[in-house]
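Reader: I would like to go through this model with a few questions on its pocket and its strands. Please show it before we start.

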Amino acid sequence: MTPKSDIIGWIASGRLRHDRMTSVGPEHVVHAGDTIVLTARKTSAGTWDGSLYTADEWITEVYVRAGDGWRCALSQKTPARSDA
């Protein structure tokens, strides 16, 4: 688990940079009351500590209604299997 504050700090400092984030295929969205669950396969590329990286992941995010908008309550990533 990585705290949100760590991720924001890494991006602000330049330690983590995202250059590309792309959905692979359709996103699956379930809306239930004040909650939305989104699942998608995504690829990304950027740098971590100055080294290039690429990632192919399944992402699940849970959003909850917050006032007039939506707030991400959970974001989970799992490496996609290349043999799947």
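Reader: How do the residues of the lining of the largest pocket divide into nonpolar, polar and charged?
Author: The model is predicted, so local features need pLDDT of at least 70 and side-chain atom pairs pLDDT 80 or more, while totals for chains, interfaces and linings use all residues. Residues are numbered from 1 along each chain as its sequence is written, and side-chain values use heavy atoms, without hydrogens and water. A pocket is an open set of points on a 1 Å grid over the protein atoms alone, where a 1.4 Å probe fits, with protein on both sides within 12 Å along at least five of seven lines, and lining residues have an atom within 4 Å of a point. With Ala, Val, Leu, Ile, Met, Phe, Trp, Tyr, Cys and Pro counted as nonpolar, Asp, Glu, Lys and Arg as charged, and the others, Gly among them, as polar, the lining divides into 14 nonpolar, 5 polar and 3 charged.

Reader: Which element gives the largest share of that lining?
Author: The lining has 22 residues, with Thr-2, Lys-4, Ile-7, Ser-75 and Lys-77 nearest the pocket centre. Helices (H or I, at least four residues) and strands (E, at least two) are DSSP runs numbered from the N terminus, and two or more lining residues come from each of H1 (4-13), E1 (16-32), E3 (51-66) and E4 (69-79). The largest share, 7 residues, belongs to E4.

Reader: Which residue in E2 is the bridge partner of Arg-20?
Author: Strands pair if DSSP finds at least two bridges between them, and E1 and E2 (residues 35-48) run antiparallel, joined by 13 bridges. The two strands form a hairpin with 2 residues between them, and Gly-33 in the turn has a positive phi of about 65°. In E2, the partner of Arg-20 is Ala-45.
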